[in-house]
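Thanks for coming. Please have a look at the model on the screen before I start.

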Amino acid sequence: MTEQYIRYAAMFIIIMMAVIDDYRRFKVSNRIIIAGMIIGVVINMGSLMYGGDVRGYIYGGMAGFAIMYMVYIFGGVGAGDVKLLAVCGLLIGVTYIVRLICAAMICGVLTGVLENVGVIKGRQGVCIRDNALIKQGRHTIIHRFHYTYALCLGAVIMVVLNLKV
């Protein structure tokens with residue numbers, strides 16, 4: 001159980017670093033991704049040394065990447081978000097990464113709905129800063145927002161619902 005808490009803590013640290021970077025630059029730095037990968041590999045190596053099975057965590061990294069890559073292809077998230085979810089999958093495993101992606105997607109959809117009905121607006125909102133519409137001529141192509149915010153909220157929800165007290 002202690003190992004799972006270490007994994008959750010590492011995941012939250014990486015996600016919070018990504019949130020801060022996303023807030024400042026509207027992208028997730030590869031330095032954060034590489035640091036997360038190194039942390040994930042070190043934790044998995046430690047688990048392997050003590051007789052743990054790390055296949056679920058490796059599959060988690062691959063599943064996080066594959067699922068989010070499909071979303072990326074359709075323009076739903078940026079490349080940094082795809083790599084960040086691969087890191088999260090490496091840390092929390094295949095079962096929990098699917099739950100995390102579902103929770104983050106729901107949080108992202110709710111953020112979009114609240115923004116479109118006017119509850120969240122620009123800099124005053126809880127989740128949106130430097131909201132951007134990318135336009136081509138008269139048509140809006142992409143409505144950008146910080147997906148890392150939805151990911152962070154989804155991670156909190158996933159962890160709280162999974163903790164056995």
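This is a predicted model: local features need pLDDT of at least 70, side-chain atom pairs count only at pLDDT 80 or more; totals for chains, interfaces and linings use all residues.

Which residue lies over the face of tyrosine 57? That is arginine 7, at 3.5 Å from the ring centre.

Next, the aromatic rings. A pair of rings is described by the distance of the centres and the angle of the planes. Here the count comes to three aromatic pairs. One of them joins tyrosine 8 and tyrosine 96, edge-to-face, with 6.3 Å from centre to centre and 75° between the planes. This pair links distant parts of the chain, 88 residues apart: tyrosine 8 belongs to helix 1, residues 2-25, and tyrosine 96 to helix 4, residues 79-116. Tyrosine 96, at 24%, is partly exposed. Elsewhere, Phe65, Tyr69 and Tyr72 make up one aromatic cluster.

Now the core. The largest nonpolar core has 34 residues, and the ones that touch the most other members are Met11 and Leu100. At least two residues come from each of helix 1, helix 2 (30-49), helix 3 (55-73), helix 4 and helix 5 (147-162). Which helix gives the most to this core? Helix 4 does, with twelve residues.

Last, back to methionine 11. What is it in contact with, leaving aside its neighbours within four places in sequence? The list is Cys88, Leu91, Ile92, Leu100, Ala155, Met158 and Val159. Leu100, then, is on the list of contacts of methionine 11, and both residues are the ones I named for touching the most other core members.

Notes
Residues are numbered from 1 along each chain as its sequence is written. Side-chain values use heavy atoms; hydrogens and water are left out. Rings of Phe, Tyr and Trp (its six-membered ring) pair if their centres lie within 6.5 Å; planes under 30 degrees apart count as stacked, over 60 as edge-to-face and the rest as tilted. Helices (H or I, at least four residues) and strands (E, at least two) are DSSP runs, numbered from the N terminus. Buried means under 20% relative accessible area, exposed over 50%, partly exposed in between (1.4 Å probe, protein chains only). A charge sits over a ring if NZ of Lys or CZ of Arg is within 6 Å of the ring centre and within 35 degrees of the ring normal. A nonpolar core is a set of buried Ala, Val, Leu, Ile, Met, Phe, Trp, Tyr and Cys residues joined through side-chain atoms within 4.5 Å. Contact means heavy atoms within 4.5 Å.
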